[in-house]
Amino acid sequence: MLSARCLLRSCFSALNVGSSSSSAFASSSSSVLPYALTRARQYATEATISQQSPSEVNAALARTSVLYKTYKPVTPGIRHLKRPLSPHLYQGRPLRELTIALRKRGGRNNHGRITVRHRGGGHKQRIRIVDFMRMDPGPCDVVRIEYDPGRSAHIALIRNRNPELCGGRVWSYILAPDTLRAGDVVESFRQGIPNGLVPGFEDSKDIRGKALEVKDDSDKVKTQTASTASLALGVLRSITIKPGNVVPIRLIPPGTIIHNIALNPQGRAILVRSAGTFGQVVAHEDGGKYTHIRLQSGEVRRVLQDCVASIGKVSNPLWKNRNLGKAGRSRWLGRRPHVRGMAMNRCDHPHGGGRGKSKGNKQPRSIWGWLAKGVRTRKPGPKGPKNSNKMVIRERPRGKEKRGL
């Protein structure tokens, strides 16, 4: 019995000596062997999402699979509610000094008569003062992208780097183009291209449609070669043609997507301001006065080249596919119910009266008796009266042309 105990003690002592020697060897060789060889061996485990942080690319791909925010239908009002996802929007309140209170009239004029139907009520709102002139030169930093209750598109709050050049104005709101985010830089070239921005290019309205010209040391005008001119023009476009920049139409290359189009060289932007809309520069006329622009409806019209436009497409393109989910959300927006003409009395609508669902074998008409379907009530462009609208080159497609037949 004693011999067995002694044998066990000798075995344990030998094991302890071996472990101590191995640990000493590991400590002495840790400075020589790589770190991966000195680590203890671990079993292979399955990689999970919680163990790996998703990269920006994977996160972007995950967002594209779900474009709208939907809700669990715990109430009937949110069963069909669908809103576009906009995680980049600022969650706080707007800048107070750039807003004014909205005084509502319910669609009534100064005599108290309803001139616009189906208006009334709605949540209290403040109008955001959006700068559609963009007269301030110099770079501006985009601080944040905000929601605007008065329009379908988003707006961007920008900060001017040189307020002394624009009368002390530091903050302003602009219509945000798509893909514009906080931290980007936008600039307005409405007053022309600054001298020295591109070597060899001097902005002047007199050289429109001509080769770029520079002056040498002896003040003699010489025409640049085609390669030098194209290089200077390419550098200019790489600097100016960016989303959110305001550029004269004469300097925008054909095929560029634009919005916020002005029709007066000294006027504000009028065309293409709704969410997801855009225009496209088709061609510049040889005379150097007009540019052909295709609008969102498909109409092609001429615009003065001295006018300006913003580069890019208007933000919030998924707005048109939203679903309010219930009638109450329309009332929150200030919209009152629409009543069908066939549900009215004869004295209230041309479709009213009769027994049952009948409009008396009449053509569809509005409440004022205007023909509503199939009859042209506006005749602009070449097919209209003489000199009605000389700027329209091709009207928007209608009927079979619109359907592609």
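Here are some notes on the cavities, cores, cysteines and loops of this predicted model.

1. Ground rules. This is a predicted model, so local features need pLDDT of at least 70 and side-chain atom pairs count only at pLDDT 80 or more, while totals for chains, interfaces and linings use all residues. Residues are numbered from 1 along each chain as its sequence is written, and side-chain values use heavy atoms, with hydrogens and water left out.

2. Overview. The protein chain comes to 6 helices and 19 strands (DSSP runs numbered from the N terminus: helices are H or I, at least four residues, and strands are E, at least two). Of its 405 residues, 29% are buried (buried means under 20% relative accessible area, exposed over 50%, partly exposed in between, with a 1.4 Å probe and protein chains only). Taking contacts (heavy atoms within 4.5 Å) between residues at least 6 apart in sequence, 57% join residues at least 24 apart.

3. Largest core. The largest nonpolar core has 21 residues (a core is a set of buried Ala, Val, Leu, Ile, Met, Phe, Trp, Tyr and Cys residues joined through side-chain atoms within 4.5 Å). Those with the most contacts inside it are Ile-249, Ile-252, Ile-258, Ile-261 and Ile-293. Both α4 (226–240) and β18 (308–311) supply at least two residues each to this core. Another core lies apart from it, with 11 residues that include Phe-132, Ala-153, Tyr-173 and Val-314.

4. Ile-261 and Val-272. Leaving aside neighbours within four places in sequence, Ile-261 is in contact with a list of residues including Ile-249, Ile-293, Leu-295, Val-308 and Val-272. Val-272 sits in the loop between β14 (269–271) and β15 (279–284), and counts as buried because its relative accessible area is 13%.

5. Cavities. The whole structure has 2 cavities of 30 Å³ or more. On a 1 Å grid over the protein atoms alone, a cavity is a set of points where a 1.4 Å probe fits but cannot get out, and lining residues have an atom within 4 Å of a point. Points are joined across faces, edges and corners, and a volume is the space filled by probe spheres set on them. The largest cavity holds about 70 Å³, and its lining includes Asp-131, Arg-134, Asp-136 and Glu-187. Two or more lining residues come from each of β7 (171–175) and β8 (185–187). The second largest cavity is about 60 Å³; among its lining residues are Asp-131, Arg-134, Phe-132 and Ala-269.

6. Cysteines. There are 0 disulfides here (a disulfide being a pair of cysteine sulfur atoms within 2.5 Å). Cys-307 is buried because its relative accessible area is 0%, whereas Cys-347 counts as exposed, at 68%.

7. The β3–β4 loop. Worth checking by eye: Arg-119 is in the loop between β3 (99–101) and β4 (126–128). Arg-119 and Gly-334 are 215 residues apart in sequence, yet 6.0 Å apart in space, C-alpha to C-alpha. Not counting residues up to four places away in sequence, Arg-119 touches Gly-106, Gly-107, Gly-334 and Arg-336. His-118 is also found in the loop between β3 and β4, and has a positive phi of about 65° although it is not a glycine. With a relative accessible area of 22%, His-118 is partly exposed.

Conventions:
1 Å grid on protein atoms, 1.4 Å probe; cavity = no way out; pocket = protein on both sides within 12 Å on 5 of 7 lines; lining within 4 Å.
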